[in-house]
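Let's take a walk through this structure together. Keep the picture open and follow along as you read.

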Amino acid sequence: MRSGRFISLEGGEGVGKSTQAAMLADALRGRGLGVLQTREPGGTPGAEAIRALLLDKQYDWDASAEALLFAAARSDHVVHAIRPALERGDWVVCDRFVDSSRAYQAGGDDLSDDAILSLHTIGSYALMPDVTFLLQADGAAVAERLAARDSDGADRIGARSAAYHARVAQRFRDLAAMDPERFVLVDASGSPHDVHLRIMRAMAPLLGEGG
Ligand SMILES: Nc1ncnc2c1ncn2[C@@H]1O[C@H](COP(=O)(O)OP(=O)(O)O)[C@@H](O)[C@H]1O
Ligand SMILES: Cc1cn([C@H]2C[C@H](O)[C@@H](COP(=O)(O)OP(=O)(O)O)O2)c(=O)[nH]c1=O
């Protein structure tokens, strides 16, 4: 039984997901709602340990091992954090969820979307967000944000080729087009406050605050 709402934020590295997740969580708390603000990979001690394995450049996981590790991290996160929060009636604001696996781990030569969704069924009851904000901004603005944030360089996945990241961005757009009821496309350009206002406008119906 779930009564809370589950919101995910998706998009490429540096587009502003974590910043917006924090602002959205604050706005929901300000309305008196219980909120779990969390992230993937991670969100529980077990999933954070898997995150460290996934992002460490010393490991050369192949495509299936990588997909399984993300699914295992997500399973722990759903079982021990997300589902209990929803059952308490809290709102969950999650920085990345299964759509990241569908965009990053599927769509290349190795794994299909159906394979990722099967892992999600096995590991996480096929739980899907109620709303997914897909943040999009132009490459130059994002590169600037990343240069300022990651002065010690990108992680194992962030460091992949521009072609890989372009394919991921296209996969996100395809997923949004396939499920327009759940996805909300968000222009992530401008200040953090500008982007937050766009997200809150889209949240209004869910919050019962009118158009
Ligand atoms: N709208 C924005 N304009 C300028 N800088 C931003 C904006 N949103 C976030 N940033 C900064 O850009 C960097 C990446 O943002 P972050 O929220 O960590 O992105 P993500 O979680 O998508 O990787 C951070 O240093 C953050 O402070
Ligand atoms: C959740 C998830 C993340 N990732 C990748 C995206 C990122 O490159 C990396 C770490 O995610 P994250 O810390 O959110 O990166 P950023 O803040 O830079 O956007 O893991 C996947 O490949 N599959 C997944 O299912």
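Start at ligand 2: the largest share of the shell around it, 3 residues, comes from α4. This is a predicted model, where local features need pLDDT of at least 70, side-chain atom pairs count only at pLDDT 80 or more, and totals for chains, interfaces and linings use all residues. Residues are numbered from 1 along each chain as its sequence is written, while chains are lettered from A and ligands numbered from 1 in the order in which they are written. The names for elements come from DSSP runs: helices are H or I runs of at least four residues, strands are E runs of at least two, and both are numbered from the N terminus.

Who else sits around ligand 2? There are 16 residues around it, and Glu13, Ser100, Ser101, Tyr104 and Ile157 come nearest. A residue counts as near when its C-beta atom, placed from the backbone, lies within 6 Å of the molecule or strand in question. The elements giving two or more residues to this shell are α1 (17–30) and α4 (98–104). Sorted by class, the shell has 5 nonpolar, 6 polar and 5 charged residues. Here Ala, Val, Leu, Ile, Met, Phe, Trp, Tyr, Cys and Pro are nonpolar, Asp, Glu, Lys and Arg are charged, and the others, Gly among them, are polar.

Now zoom out to the chain. Its secondary structure comes to 8 helices and 5 strands, and from the N terminus on they run β-α-β-α-α-β-α-α-β-α-α-β-α. The radius of gyration is 16 Å, close to the 17 Å that the globule rule gives for 211 residues, so the chain is as compact as a globular protein of that length. That radius is taken over C-alpha atoms, and the rule is 2.2 Å times the number of residues to the power 0.38. Along the principal axes, the C-alpha atoms fill a box of roughly 45 × 40 × 30 Å.

How much of the chain is buried? Buried residues make up 37% of the 211 residues. Buried means that 20 or more other C-beta atoms lie within 10 Å of a residue's own, exposed means 12 or fewer, and partly exposed is in between, with C-beta atoms placed from the backbone.

Most residues other than glycine have a negative phi, and most peptide bonds are trans. Yet the peptide bond from glutamate 40 to proline 41 is cis, with omega near -10°, and proline 41 lies in the loop between β2 (35–39) and α2. Arginine 96, in the loop between β3 (91–95) and α4, has a positive phi near 80°. This arginine 96 is buried, with 24 other C-beta atoms within 10 Å. Alanine 126 also has a positive phi, about 55°, and its place is in the loop between α5 (113–124) and β4 (131–136). Alanine 126, though, is exposed, with 12 other C-beta atoms within 10 Å.
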